[in-house]
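Subject: Handing over the model

Hi,

Here's the structure I promised to pass on.

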Amino acid sequence: METIVEENIDPNDLKKFEGLYNEQARRGHISEKTQFDYAWCLIRSRYVSDMHKGIALLEDLMRIAKDDLSQRDYLFYIAVGFVRIKEYERALKYTEAIRKIEPNNRQAQQLDGYIKAKMKKDGLLGMAIVGGAVLALGGLVGATIAAVKKK
Amino acid sequence: MAAGPYNYSYIFKYIIIGDMGVGKSCLLHQFTEKKFMADCPHTIGVEFGTRIIEVASQKIKLQIWDTAGQERFRAVTRSYYRGAAGALMVYDITRRSTYNHLSSWLTDARNLTNPNTVIFLIGNKCDLDAQRDVTYEEAKQFAEENGLMFLECSAKTGENVEDAFLDTAKKIYQNIQDGSLDLNAAESGVQHKPATPRNPITTDQPPNKENCSC
């Protein structure tokens, strides 16, 4: 799952699908497929602003999605988008929504597991940083006390 | 392997393509996990799997991109064809329409990969012989006319699944050995990993992100 989530798009591919999207936008009608293609590319961009834009386009598609299959596909990539911008709690809401449509969807289960592992790791890392700070502070206090005692 | 920072000497990139429901993900799963997935939902976008195999006593890591057959994904999944050393093109022997669409998949594969990409045709679900809709002979002829390797497989029973993935790798390896595949070309789909360690003290532990102290 890591490969799927962390994979970045070739900028030329992004440019190509952006061009198709913009052309349809100029003509006044953007097809669901063109919007999806562009959104899927955007969330795989290196830039966070593109990822946000991709998520917004997918959320927009969710409002018009007619069948479970397309809803499931949009939900999955919204989840991937939120993982990429490190909004894990929000990402989990979307993997849960997929579970309601396809309870046994393996990709969604794997993504869910990946997100939870990330959260755990980040949580531990966070604690390690706080822990480190406490130790450093303790050291400082200890040094100060020692310095005071010397006097 | 005792020598080298990697436990394999080559990486080959594969793609799996073909119509929706022909069993692409089940073939991948059978190959990587040696299990059959019943009631597998349609793939969302792409899936990724790896397995290390051995060809001519060389360890080769296969990096396999399994593309969704849904039309919705077709445009964007084309970008995954780039730089593939092997392409497994799958149809379902019980559904003629999936066979009839092969020429369109083949056109994509030819246009989007390099001339040395090994294309392997797989007729999946050969365990369902009673429901057969495409004869072996017909598909064999199609494969010969188009210079493709060909096997009928069953992701369910596992029949010929290993062979399809391994024969593709053998062909790629052969292309490297006879010089027809240039490893330095940007999109050969093959990466060569140094077999001898730069530093003889280096152990054979693969680089592990988890142990990184950063």
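Does Ala56(B) count as buried or exposed? Exposed, as its relative accessibility is 52% (buried means under 20% relative accessible area, exposed over 50% and partly exposed in between, using a 1.4 Å probe and protein chains only).

Before the rest, some housekeeping. This is a predicted model, where local features need pLDDT of at least 70 and side-chain atom pairs count only at pLDDT 80 or more, while totals for chains, interfaces and linings use all residues. Residues are numbered from 1 along each chain as its sequence is written, chains are lettered from A and ligands numbered from 1 in the order in which they are written, and side-chain values use heavy atoms, with hydrogens and water left out.

Back to Ala56(B). This residue is not a glycine, yet it has a positive phi of about 50°. Ala56(B) sits in the loop between β2 (46–55) and β3 of chain B (helices, H or I with at least four residues, and strands, E with at least two, are DSSP runs numbered from the N terminus). Ser57(B) is exposed, at 67% relative accessible area.

Next, the second largest pocket, which holds about 410 Å³ of space. Its lining has 26 residues, and the closest to the centre are Gly21(B), Val22(B), Gly23(B), Cys26(B) and Lys125(B). On the 1 Å grid over the protein atoms alone, a pocket is an open set of points where a 1.4 Å probe fits, with protein on both sides within 12 Å along at least five of seven lines, and lining residues have an atom within 4 Å of a point. Points are joined across faces, edges and corners, and the volume is the space filled by probe spheres set on them. In chain B, α1 (24–33) and β3 (58–67) each supply at least two lining residues, with α1(B) giving the most, three.

Finally, chain A. Seven helices and zero strands make up its secondary structure. Of its 151 residues, 38% count as buried. Among chain A contacts (heavy atoms within 4.5 Å) with a separation of 6 or more, 56% involve residues 24 or more positions apart.

Cheers
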